[in-house]
Structure formats: C-alpha cells, structure tokens
Amino acid sequence: MDEKSFGIIGLGVMGKNLALNALDADISLAVYNRIAESETVVVSNFIQENASKDVIGCTELNDFLNALETPRKILIMVKSGEAVDHVIGQLMPFLSENDAIIDGGNSHFKDTQRRQKSLKNIGVNFYGLGVSGGETGARKGPSLMLGGTKEGHREVIHILERMAAKDLHGEPCCSYLGPEGAGHFVKMVHNLSLIHISE
C-alpha cells in the first residue's frame, strides 16, 4: 500500500468537502471516520464515490496512521471542544516526533494554546487552522489561517496552499500567522467582523 501524504479525521460536512478539495488538488489522502450510530457507512460511501482517486478510507485509527507517510500531517475536523481533546487523546499513544496535528474546527484560541503546549512535550507539532468560506469554501477553496508550532509549518503550508482559494494574482489565500493560537484567534476576529458587518 502506498503511503498517503495527508490525513483527515472526520467526514462531516466540512471534513468531507475539504477531503474532496484535497483530492481535486491531487493530494494523496487517507480519511478516517468513527463507526458509531448513524455513521457506520460514512467511510465506505466516501470511498465508493471517489474510487478513481488516490484515497484510502479507514475506520480504525491504527490503520489510518499506518497509511500515512512520516512525519504524518493530520487534519482533525470534528466538533470543537471535548471532541477535539478526545481525538487527540486517542492519537497520542501512536504519534511520533515531528508529526503534525492540525485542528480545523472553530476552537477557542486558548484551547489551541493549551493543546500545543501539551503536544510539544512529546515532540509533536500542533496547529490551529481557521477555515473561512463555509461548506462551499471548503469544497472549492477556503481562506486558511494557520497558527501553531513554527517548526515544520512549511510542510503543512505546502499542502494547505494547494487547497486554499486563490486571489486575483493566483496566490493562495493561506498564511502562517504565528505561534500557539494565532490562526484560531484571527478566525475569531474574522467571525466577529462578519457579525458586525451584518448588523
């Protein structure tokens, strides 16, 4: 089995659309989704719908991690809050030094700071990623705001730039904004600005 360059955990609306975006950008992909309640066929359906693409689907975390080239680059797309900590807790026993974990949900920047410090202790790079553009943006090209560990961020940015929207000059709408919770902080300010404009 060929190892994949990027992994996505969570195939909800945003996760699925970002996964389709990555495949359109010719990024080799491993996807994982839990098997619980109404989610038993999420992975199999995604693989059937994308059988001609360079993607592998997993319902066991160990299989998912083994499907990725090292150091691994993994995007977590689950509900912000306890679910993110739960997934990180499941991953931690299997992670290796210089692996990159990216939280693409709407986490509070202080939670991102806490998670980065915790993962730094085992040599894992952690990033908070603001994703702007909603469902359509995720599918066709979002604005991406990355913050977190400076070491290793260029390899993460290299993949995200291929998925991001492009400006009028063809440049990707994707930037590394600084350490710790910078990406999620900027996304929070962005969301507040949109609320203010709508009022």
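This is a predicted model: local features need pLDDT of at least 70, side-chain atom pairs count only at pLDDT 80 or more; totals for chains, interfaces and linings use all residues.

Student: How much space is in the largest pocket?

Tutor: About 350 Å³. Its lining is made up of 18 residues, and the ones nearest the centre are Gly10, Asn33, Arg34, Glu39 and Val78.

Student: Which elements give two or more residues to that lining?

Tutor: Helix 1 (13-24) and helix 4 (82-91) do. Helix 4 gives the most, with four residues.

Student: And how does the lining split by class?

Tutor: For the largest pocket you get nine nonpolar, six polar and three charged residues.

Student: Back to Asn33, then. Where does Asn33 sit in the fold?

Tutor: Look in the loop that runs between strand 2 (29-32) and helix 2 (42-49).

Student: Buried or exposed?

Tutor: Asn33 has a relative accessible area of 4%, so it counts as buried, the cut-off being under 20%.

Student: What does the Asn33 side chain pair up with?

Tutor: The side chain of Glu39, through a polar contact of 3.0 Å. Glu39 is also one of the residues nearest the centre of the largest pocket, as is Asn33.

Student: Which other residues does Asn33 touch?

Tutor: Leaving out residues up to four places away in sequence, Asn33 touches Gly10, Leu11, Val42, Val43, Cys58 and Thr59, along with Glu39.

Student: Switching to helix 7. Which of its residues are buried?

Tutor: Helix 7 spans residues 153-163, and the buried ones are His153, Val156, Ile157, Ile159, Leu160 and Met163.

Student: Why do those count as being on the same side of helix 7?

Tutor: Because the arc they cover around the axis is only 165 degrees.

Student: Now the backbone. Which residues are joined by a cis peptide bond?

Tutor: Thr70 and Pro71, with omega at about -10 degrees. Pro71 belongs to the loop between helix 3 (61-66) and strand 4 (73-76). As background, most peptide bonds are trans.

Student: What about phi at Asp26?

Tutor: Asp26 isn't a glycine, yet its phi is positive, about 60 degrees. You'll find Asp26 in the loop between helix 1 and strand 2. With 66% relative accessibility, Asp26 counts as exposed.

Student: And Glu180, what's phi there?

Tutor: Near 55 degrees, again a positive value in a residue other than glycine. Glu180 is in the loop between strand 8 (174-178) and helix 8 (182-198). Its relative accessible area is 30%, so Glu180 is partly exposed.

Student: Last one: how far apart are His108 and His184?

Tutor: C-alpha to C-alpha, 6.6 Å in space, while in sequence His108 and His184 are 76 residues apart.

Student: Where should I look for His108?

Tutor: Go to the loop between strand 5 (100-103) and helix 5 (109-120). His108 has a relative accessible area of 37%, which means that it is partly exposed.

Technical notes: Residues are numbered from 1 along each chain as its sequence is written. Side-chain values use heavy atoms; hydrogens and water are left out. Buried means under 20% relative accessible area, exposed over 50%, partly exposed in between (1.4 Å probe, protein chains only). A polar contact is a pair of N or O atoms within 3.5 Å; within protein, one must be able to donate a hydrogen and the other to accept it, and residues adjacent in sequence count only if both atoms are side-chain atoms. Contact means heavy atoms within 4.5 Å. On a 1 Å grid over the protein atoms alone, a cavity is a set of points where a 1.4 Å probe fits but cannot get out, and a pocket is an open set with protein on both sides within 12 Å along at least five of seven lines; lining residues have an atom within 4 Å of a point. Grid points are joined across faces, edges and corners, and a volume is the space filled by probe spheres set on the points. Ala, Val, Leu, Ile, Met, Phe, Trp, Tyr, Cys and Pro count as nonpolar, Asp, Glu, Lys and Arg as charged, and the others, Gly among them, as polar. The arc is that of the directions from the helix axis to the C-beta atoms.
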